[in-house]
Amino acid sequence: MSPQPRRILIVEDEQAIADTLIYALRTEGFGTSHCLLGREGLAQASDGGVDLMILDIGLPDLSGFEVCRELRRSSELPVLFLTARGDEIDRIVGLELGADDYVVKPFSPREVAVRVRRILHRLAPERLAASPTTESPFEIDAAQRAIRYYGTALELTRYEYELLTTLIGAPSRVFSRAQLMQHVWTHPEHSLERTVDTHIKTLRAKLRAVRPDLDLIRTHRGLGYALEMPR
């Protein structure tokens, strides 16, 4: 039986915008539902079965900020804000209220779908485990954002943590630099692909400091990087 697609709740009062998001998300394999008002969004979220909320700030009944504030009283449901406001203070307020990311209008629906996938990938517990048939040398504490390697705690930066969990979540999969940037970096369009190489280099050094005999991160020339679990 195929797993159920992740369900994305879109809370947006402009139907045309909602329709473009629904199309982009369904094209990427997500399930979607849509409502026009903040109170409806809160009701649907409380009913369960929602994996992420895309939330417009300028709703006719409650502002997106009010919806997020109310949601955070009882739920850690991931939230991605849609906003026509580009002011830094609005972005800061949204993030301080507990939003996971934001997109400023006008936006590319494809970009929103990529950001949704990245948020879910970053937060989903199942991505932290290796294949069930493989004994992993990694122990990941998602709540503390910490990783132990063969029992030794690794001192990782934010991006090193995100990069390593991405690789651990899909052993042997080759990720291109562009894919890793989309998964890990908050605003990959403002970063350079050589940033990935730099972080891979420091990750390798930290892993080798624990086990000098192993080099689990493999470079696939012209393709990208993969993590190979020890046999």
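A: In this predicted model, ring pairs join F138, Y149 and Y150 into a cluster. By the rule for ring centres, the count for the chain comes to three aromatic pairs.

Q: What makes the pair of F138 and Y149 a stacked one?
A: A pair of aromatic rings is described by the distance of the centres and the angle of the planes. Rings pair if their centres lie within 6.5 Å, and planes under 30 degrees apart count as stacked. The centres of F138 and Y149 are 4.9 Å apart and their planes stand at 20°, so the pair is stacked. Since F138 belongs to strand β6 (residues 138-141) and Y149 to strand β7 (residues 146-149), the pair ties together parts that are 11 residues apart in sequence.

Q: Why is the pair of F65 and F81 called edge-to-face?
A: Planes over 60 degrees apart count as edge-to-face. For F65 and F81 the planes are at 85°, with the ring centres 5.6 Å apart, so the pair is edge-to-face. This pair links distant parts of the chain, with F65 in helix α3 (residues 64-71) and F81 in strand β4 (residues 79-83), 16 residues apart.

Q: How do you know whether F65 is buried or exposed?
A: Buried means under 20% relative accessible area. F65 has a relative accessible area of 12%, so F65 is buried, and F81, at 2% relative accessibility, counts as buried. By that cut-off F138 counts as buried at 8% relative accessibility, and Y149 is buried with a relative accessible area of 1%. Of the 231 residues of the chain, 44% count as buried.

Q: What makes the charged end of R211 sit over the ring of Y150?
A: The rule asks that CZ of Arg be within 6 Å of the ring centre and within 35 degrees of the ring normal. The charged end of R211 is 4.6 Å from the centre of the Y150 ring and sits over that ring.

Terms used
Residues are numbered from 1 along each chain as its sequence is written. This is a predicted model: local features need pLDDT of at least 70, side-chain atom pairs count only at pLDDT 80 or more; totals for chains, interfaces and linings use all residues. Side-chain values use heavy atoms; hydrogens and water are left out. Buried means under 20% relative accessible area, exposed over 50%, partly exposed in between (1.4 Å probe, protein chains only). Rings of Phe, Tyr and Trp (its six-membered ring) pair if their centres lie within 6.5 Å; planes under 30 degrees apart count as stacked, over 60 as edge-to-face and the rest as tilted. Helices (H or I, at least four residues) and strands (E, at least two) are DSSP runs, numbered from the N terminus.
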